[in-house]
Amino acid sequence: MSDQDLHVLRKEIESIDEELLRLLERRVSLAKGIGEVKGGAPVYDPLREIEVLDRLCGLARDVDPKFVRLLFGEVISFCRSVQRPATVACMGPEGSFSHEAAFALLGRSIDLVFVEDPAQVLSFISKEKAQMGVVPVENTTEGTVYATLDAFATADQSLSVIGEGQLPIRLVLASCENSFSDIEEVYSHPQPFGQCKNWLSRNLPGVRLIPTSSTSYAANIAKSKRKSAAICGKLAAELKGLNILEEGIEDSPYNATRFWLVGHACEGRSKRNKTSILFNVSHKPGTLFQALEPLYRAGLNLTLIQSRPLPGNPFEYFFFVDFEGDAEDKKVKEALATMNSRVERLRVLGSYPQIRR
């Protein structure tokens with residue numbers, strides 16, 4: 001290929017880039033118009049966004065659908081922000097896996113506020129300090145996140161689960177140093193140490209392992225202390241400007257956390273809807289069976305059942321259940337009505353789609 005041929009191809013790419021930019025500007029202008037038509041109505045519509053992304057992925061020919069989903073997910077996120085900026089609460093500090101999950105669910109055009117625990121996430125939404133929040137629900141290796149379930153048991157009744165997504169937990173070894181041989185101590189939360197036990201014994205035998213309150217805090221230490229490293233998420237390493245010495249150091253490739261997106265109920269249904277409920281029953285034999293029987297008779301597939309202590313009532317419990325189906329489906333609505341007549345308290349936390357970006 002001659003220099004002239006290369007010049008011609010580059011000029012054509014520049015022309016296409018300019019055309020893409022003009023089209024993006026037009027899309028942003030249309031998004032502003034939609035925001036004006038909506039007025040004070042919620043800007044975020046998960047079902048519409050899923051519909052748009054699925055349609056575009058289906059139209060992709062020579063472009064990887066994963067890239068299409070990633071690219072247009074960010075375009076949609078920015079267009080949503082020009083209608084009305086969204087403040088989203090999640091557990092910090094900056095660079096946490098909840099931080100990564102917020103970006104994965106909503107894109108990067110959001111204003112994040114970091115709080116200490118799931119209860120504060122819900123409180124910020126209730127007090128209108130945030131429009132939405134992201135909370136962890138379940139991890140494939142560590143199990144249910146009890147703090148999230150307990151927070152929902154006493155949360156504002158107006159709050160709903162409006163979406164969910166799974167975040168693969170990928171851990172990196174990050175440091176200001178440039179090689180393993182320079183590392184004398186490694187900082188991280190105790191859970192990642194357990195999740196990387198085999199990798200550490202093979203690659204850094206004898207190195208001191210020092211626990212911290214979070215992987216993000218570990219990255220802070222590695223940033224300021226020579227001959228140290230952190231086991232953390234890639235986002236935390238990038239935000240602190242650390243060298244990533246190794247990626248994917250977790251022993252199990254199946255480690256993932258399920259996150260809920262919380263806000264105020266959205267209208268509409270998705271084919272992939274799941275419903276979450278909480279309830280408690282009287283302390284008598286057979287009451288749990290009687291409560292769950294309507295779900296069984298309706299043929300609903302339960303994907304989670306978890307008990308938690310009922311505050312103020314020793315050795316009594318409330319229960320969380322997830323099942324496939326929408327609360328507005330006829331058979332689901334009938335099953336929940338029957339269930340409501342058999343329990344002391346029933347609350348539908350939300351019917352929501354799975355969000356994939």
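Me: Which helices and strands each supply at least two residues of the lining of the largest pocket?
Reply: Those are α3 (65-83), α4 (97-106), β5 (159-168), β6 (171-175) and α10 (234-239). Helices here are DSSP runs of H or I with at least four residues, strands are E runs of at least two, and numbering goes from the N terminus. α3 gives the most, with six residues. Mind that this is a predicted model: local features need pLDDT of at least 70, side-chain atom pairs count only at pLDDT 80 or more, and totals for chains, interfaces and linings use all residues. Residues are numbered from 1 along each chain as its sequence is written, and side-chain values use heavy atoms, leaving out hydrogens and water.

Me: What makes a residue part of a pocket's lining?
Reply: It has an atom within 4 Å of a point of the pocket, which is an open set on a 1 Å grid over the protein atoms alone, with protein on both sides within 12 Å along at least five of seven lines. For the largest pocket that gives 31 residues, with Glu100, Ala104, Leu167, Pro168 and Arg357 nearest its centre.

Me: What's the volume of the second largest pocket?
Reply: About 660 Å³. Met91, Phe97, Pro136, His189 and Gln191 are closest to its centre, out of 25 lining residues.

Definitions and conventions
On a 1 Å grid over the protein atoms alone, a cavity is a set of points where a 1.4 Å probe fits but cannot get out, and a pocket is an open set with protein on both sides within 12 Å along at least five of seven lines; lining residues have an atom within 4 Å of a point. Grid points are joined across faces, edges and corners, and a volume is the space filled by probe spheres set on the points.
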